[in-house]
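I opened the model to look up a few local features. My notes follow in the order I made them.

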Amino acid sequence: MTLEATLLRHGSRLLLTSKRRPLINGSTKSCVSWTRFAAPSLTTIKHHRFNSSSNSNNIIGNLPALHHHYSHHDANSNNNHRRSIHSSNITNLGKSAIASPTLPNLRALTPTVRDAILSDLNQVDIDKNGIIDSEELKILLSKHATSFTDDEVVELTELFYASTGGHGVEVMRFLEALDAAIAEKSTSGGGEMSENEKISPLVEEGKFKTHPLGIGTCASEYMFSKTHGKYTPEQLEIELTHVPPVTALDKGALFAVKCFRFGFDQATGWNRGSMTPEKILNRAIFLETVAAIPGMVAAIIRHFRSLRNMTRDGGMLNMFLEEANNERMHLLTFIRLKDPGMIFRAAVIGAQGVFATGFGLAYVASPAFCHRFVGYIEEEAVLTYTKIIKAIEEAEEGSELAQWKAHPAPKIAKGYWHLGENGTVLDVMKAVRADEAEHRDVNHAVSGVPDDTVNPLYDPRERLDSMLAKYVRDIMEREQQEKGDKKATSTTAL
């Protein structure tokens, strides 16, 4: 006879029911099955044990929550895994332990690291339902404060919730995703990669793929996290780069930028005479009023296309809006250092009308050309701000330009770039240059990508993969440290 027990957990109460059925070969086989209700779905996990002397009367019908412990089993040099569940609160169950379903085949996680992760997950699994939800993920990441900042914890928790549609993820699937992430085998398409498959955050053939955890790309439509204000000293050291033109479109974009640069330099006398604060501010203010146009035009056109075609945008729209606002913040900072006159403002109105109209028509015709054009424009912007920074740093003491090394930055700049209470105008110039370098790289990167491509700079799947790998590395480092401490203690004892 076989004992099949179904354990039902509802709220804080556990109920046990059973029924009997004969085995085909007549041998005695005891099977224990327990079913867990976790709204909105029913999750069933069956645990089998084999014992010829099992007795149904030994099973208690009102049990507290189970505490899980997982163990690794490797027999005959194979990779079979077994998870065992132990509970001190379960009495008279017989001599055999309740075994769990087979663990997934892990490629990178060692048994020690795996057990540490499972222990970590079990601790944050508040309701003990074997599922990790967004709130439990938040607790998990908060436990690793040395690896995740408060902002990252909030962002990743929200991203996880949005990407999974509010659902949780089973612990074993979460473990498998952790293993895939640390093995650098997880792609935006999910699953096992072939040896020749290229890792890429972009979708292939215009199709939105699925993450191993079931995480999709919905969040990219309304979430984009980029804080320009928290540059490290290393990030402020910008390299001058240039993307060589390859196609006729690239060459046309570069030629247009060179013509624009030459004409503007001649009209403003940029290369004539010495560099002064007045000359710098006139140039910076005028160009920033125009530089904020491309991002906004691109976002508006993509927005209308998404509405018209009733399709997703992939998150590009949010990125270009943020780029436009970033350029606007440059302008709002510089006008705190100089208030332009009426003639200057009239010139800005005329330039905006001409450039916005021309760029809008060009973007409708060829987004790839426009993004390449902006990429080359930003290359010139980085070069200009590099010259400005060098001029300030090398200015003679006592000169008007040298005062910018100590002159306090405008309040709006200190708040936006987190320059601190001692932030200077020179610090502002370095932050602005870092912004322009990012716009340079972004526009070159998106030039020519398919319209339905997920934002390559903020793919939810790639972002979460990065978080998973970061978490596992932290666990590995802790295990190594504990192993070293134990070894040192053992050596000292001897």
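I count a salt bridge when a side-chain nitrogen of Lys or Arg is within 4 Å of a carboxyl oxygen of Asp or Glu. The model is predicted, and I take local features only at pLDDT of at least 70 and side-chain atom pairs only at pLDDT 80 or more, while totals for chains, interfaces and linings use all residues. Residues are numbered from 1 along each chain as its sequence is written, and side-chain values use heavy atoms, with hydrogens and water left out.

Entry 1, salt bridges. I searched the whole structure and found 15 salt bridges. I looked up D120 and K143, whose side chains form one with an N to O distance of 2.4 Å. D120 is in helix α1 (residues 111–124) and K143 is in the loop between α2 and α3 (150–163), so this pair ties together parts 23 residues apart in sequence. My helices (H or I, at least four residues) and strands (E, at least two) are DSSP runs, numbered from the N terminus. For burial I use relative accessible area: buried is under 20%, exposed is over 50%, and partly exposed is in between (1.4 Å probe, protein chains only). D120 is buried at 8%, and K143 is partly exposed at 32%.

I then checked R261 and D265, which form a salt bridge with their closest N and O atoms 2.8 Å apart. Both lie in helix α5 (residues 248–268), 4 residues apart, about one turn of the helix. An α-helix has 3.6 residues a turn, so residues three or four places apart point the same way. R261 and D265 are both buried.

I also noted E397 and K405, a salt bridge with the closest N and O atoms 3.0 Å apart. E397 is exposed at 67% relative accessible area, and K405 is partly exposed at 27%.

Helix α2 covers residues 134–142, and its buried residues include S134, E136, L137, L140 and L141. Down the axis of α2 the buried residues fall within an arc of 155 degrees, so they line one face of the helix. I take that arc from the directions from the helix axis to the C-beta atoms.

Most residues other than glycine have a negative phi. I found K128 with a positive phi, near 55 degrees. K128 sits in the loop between α1 and β7 (131–132) and is partly exposed at 22% relative accessibility. H418 also has a positive phi, near 55 degrees, and I place H418 in the loop between α11 (411–417) and α12 (425–446).

I located T424 in the loop between α11 and α12. Is T424 buried or exposed? T424 is buried, with a relative accessible area of 9%. For contacts I require heavy atoms within 4.5 Å. Leaving aside neighbours within four places in sequence, I find T424 in contact with W404, K405, A406, H407, P408, A409 and L419.
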